[in-house]
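This report describes one protein model, shown below.

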Amino acid sequence: MRRKTARADLAEVAVAGGAIPGGLRIDRLLYCLRLARSRSLATRIAASQHLRINGQRVGTAHRPVRAGDILTLPTPTGVRIIRIVAIPARRGPADEARRHYALLNPVEAVRTIRIKTPDIDARIADA
């Protein structure tokens with residue numbers, strides 16, 4: 001009987017469309033959960049090293065994520081912390097995507113950043 005090599009294992013993962021036994025690649029997960037608009041954007045987010053899985057920085061898009069893992073994501077308005085409840089099988093509607101994760105920091109607690117621009121603020125005050 002022939003032993004499988006690591007390369008054969010990677011080929012099987014590639015054929016399965018990013019599915020990893022018991023988990024999913026981080027870029028595909030971000031895309032399926034609608035936390036990234038495209039798969040290429042999800043890959044760039046994962047490669048930027050600003051994303052954390054269970055407190056450890058992620059530097060590659062092929063890092064597996066499993067149910068129960070905690071993701072820390074940077075957003076334009078602050079930091080979003082989510083727990084993966086279930087691994088999605090596809091990229092479905094937003095309501096379906098939200099059922100696969102739980103938000104650990106409420107939206108109200110996320111700090112919003114407002115850039116003050118005198119030009120726009122003056123126009124709003126005059127209206």
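Is Arg39 buried, partly exposed or exposed? Arg39 is partly exposed, since its relative accessible area is 30%. The model discussed here is a predicted one.

## Salt bridges

The salt-bridge count for the model is four. Arg25, Asp27 and Arg39 belong to a network of such bridges.

Arg25, with a relative accessible area of 22%, is partly exposed.

Another salt bridge joins the side chains of Glu96 and Arg90, at 2.9 Å from N to O. Glu96 counts as buried at 18% relative accessibility, while Arg90 is partly exposed at 47%.

## Nonpolar core

The largest nonpolar core has 18 residues. Those that touch the most other members are Ile26, Leu29, Leu30, Val65, Leu71 and Ile84. Two or more core residues come from each of helix H2 (26-32), helix H3 (39-47), strand S6 (70-75) and strand S7 (78-84). H2 supplies the largest share, three residues. As a general background, nonpolar side chains in soluble globular proteins tend to be buried together.

What does Leu30 contact, leaving aside its neighbours within four places in sequence? The contacts of Leu30 are Leu35, Ala36, Ala42, Ile45, Leu51 and Leu73.

## The sheet

An open sheet is built from five strands, with antiparallel pairing, in the order S4-S3-S6-S7-S8. S4 and S8 stand at the edges with a single partner strand each, so one side of each has no neighbour in the sheet. In general, the strands of a sheet pair through backbone hydrogen bonds, in either a parallel or an antiparallel manner.

At the S4 end of the order, S3 and S4 run antiparallel and are joined by two bridges.

Asp69 is located in the loop between strand S5 (64-66) and S6. Asp69 is buried but has no salt bridge. The nearest side chain of opposite charge belongs to Arg66 and is 5.6 Å away, whereas a salt bridge requires a nitrogen within 4 Å of a carboxyl oxygen. The side chain of Asp69 does make a polar contact of 3.0 Å with the side chain of Asn54.

Neighbours within four places in sequence aside, Asp69 is in contact with Ile53, Asn54, Pro64, Ile82, Arg83 and Ile84. Ile84 is also among the core residues that touch the most other members. Asn54 itself sits in the loop between S3 and strand S4 (56-57) and counts as partly exposed, at 45% relative accessibility.

## Positive phi values

Gln49 is another residue other than glycine with a positive phi, near 65 degrees. Most residues other than glycine have a negative phi.

Gln49 is placed in the loop between H3 and strand S3 (52-53). The relative accessible area of Gln49 is 41%, so Gln49 is partly exposed.

## His100

Where is His100 placed? His100 lies in the loop between helix H4 (94-98) and strand S8 (101-103). Is His100 buried or exposed? His100 counts as buried because its relative accessibility is 14%, and the limit for buried is under 20%.

Not counting residues up to four places away in sequence, His100 touches Leu33, Arg83, Ile84, Val85, Ala86, Ile87 and Pro88. Arg83 and Ile84 are also in contact with Asp69.

Notes. Residues numbered from 1 in each chain as written. Predicted model: local features only at pLDDT ≥ 70, side-chain atom pairs only at ≥ 80, totals over all residues. Heavy atoms only, no water. Core = buried A, V, L, I, M, F, W, Y, C linked by side-chain atoms within 4.5 Å. Buried < 20%, exposed > 50% of the residue type's maximum accessible area, 1.4 Å probe, protein only. Helix = DSSP H or I, 4+ residues; strand = E, 2+ residues; numbered from the N terminus. Contact = heavy atoms within 4.5 Å. Pairing = 2+ DSSP bridges. Lys, Arg positive; Asp, Glu negative; His and termini not counted. Polar contact = N/O pair within 3.5 Å; in protein donor to acceptor, adjacent residues only side chain to side chain.
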